Amino acid sequence: MCSRSASVLVAAVLAPWGAARAQIPTTAVGVAVGFGVDTVGVPKHEIFALWRGYLTARPVCGRPNALWSRLEQQQWPSVDLLCPYVYQGFTKFTIVHLAPAIGLDSTYLIRTLIASVSDSSQDVKPLALYRVYATREEGQWVLANALPRLTRRWNHETVGRITFVFPPTRAFSRSRAEQTAGFVDSLAHAFDVQPPSRIGYYFTDDLSETLRAAGLEFFPLGSDTVGGRAQVTNQLVFVGSSSNGEAYRHELAHVVLWPFLAPLKAAGLVQEGLMTWVGGSAGLDFKELIPGLKRYLDGHPDLTLESIMTSPPPREGALDVGYDGLAVLCKMVHDAGGIAGLRSLANAGSEPRLVLSTAAQLLRVSPASLDGIWRRRIAALSR
């Protein structure tokens, strides 16, 4: 789930369907040192050089990197867990902290600020403040993620294929966790895909808090902190929900159905619609989302599927017209043509008219009648 209130650049990376972005090679990357940061002494000079070398090489998300921990690369193929968030074309990095990590042997903490500076006013506009670590491995310094270090004292409960990781102060509902574990297996079976061997599921009451445990100390998420993020290649899920933390299934659906979608050319909202249909959104299941969608459509009689796909309305609380509207379309296609129909819809590409003409063909209706049929199905589902 994503917040569309942020800037276009930030919103692009928040969208769960967005591919991990490399930095845009426009100008040279600058790595500055903040007030009071010592990069001269041993081993700080070596660690600073390691981190500066990684940043100036313009990290590419998803690729192996010899500067990172080999052990973590074995666990997470996309080893820099914050890469999709923090490397978006910004070229100004400031090291604001480099010091021994408290309670961790042979480990240093590095905090970095990413920001743009206005040419006219010199105003600083931060994108992110985040942390990584440097640790000794096989006799040399390597980079390492915050997540296993900041959550080392959290509770870990493995249920089925999922390891739920949550703060000691957070209650745990085993019954919800068992239902969620069952959901993973049943969804994989329904789509005839191999279920993930394991899923790391990190949750707190607040998505900002969960991402902070991954090392993202500041990032513009918008005002709604209930939601989730998935890293499909790493089989990781980050969730923030005070009421339904163990059962936030939308992000799990991204992980489970990645083998189904990976070979296809699915539009972003088709992917999100599929995840919303099978896994719900904003902590609600599909059925619970429909009344709010109907009310919105009743108040916007001219809204079409094409306009939703082209310029989706901003999310309002639990209502996301793009996610929920395409979820209904996915259900309609599945009711008519099963998994094969969904595969065809997901392989229709990203151009809205082509996606919708494919949907009409699968439903055996004319493209001109699709919106009316879609609205009537929403009305029927809302009862």
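Begin by selecting phenylalanine 260, which, leaving aside residues up to four places away in sequence, touches Phe191, Val193, Leu274, Ile339, Leu342 and Arg343, where contact means heavy atoms within 4.5 Å. This is a predicted model, in which local features need pLDDT of at least 70 and side-chain atom pairs count only at pLDDT 80 or more, while totals for chains, interfaces and linings use all residues. Residues are numbered from 1 along each chain as its sequence is written, and side-chain values use heavy atoms, with hydrogens and water left out.

Next, select Phe191, Tyr201, Phe260, Leu274, Val328 and Leu342, which touch the most other members of the 67-residue largest nonpolar core; such a core is a set of buried (under 20% relative accessible area, 1.4 Å probe, protein chains only) Ala, Val, Leu, Ile, Met, Phe, Trp, Tyr and Cys residues joined through side-chain atoms within 4.5 Å. Helix 13 (residues 321–346) supplies the largest share of this core, 13 residues; helices are DSSP runs of H or I with at least four residues, and strands are runs of E with at least two, numbered from the N terminus.

Then turn to the open sheet of 5 strands, whose order is 6-7-8-11-10 with mixed pairing, two strands being paired if DSSP finds at least two bridges between them. Strand 6 (155–159) and strand 10 (227–231) stand at the edges with a single partner strand each, so one side of each is left without a neighbour in the sheet.

Finally, select glutamate 157 together with phenylalanine 164, its bridge partner in strand 7.

Terms used. Buried means under 20% relative accessible area, exposed over 50%, partly exposed in between (1.4 Å probe, protein chains only).
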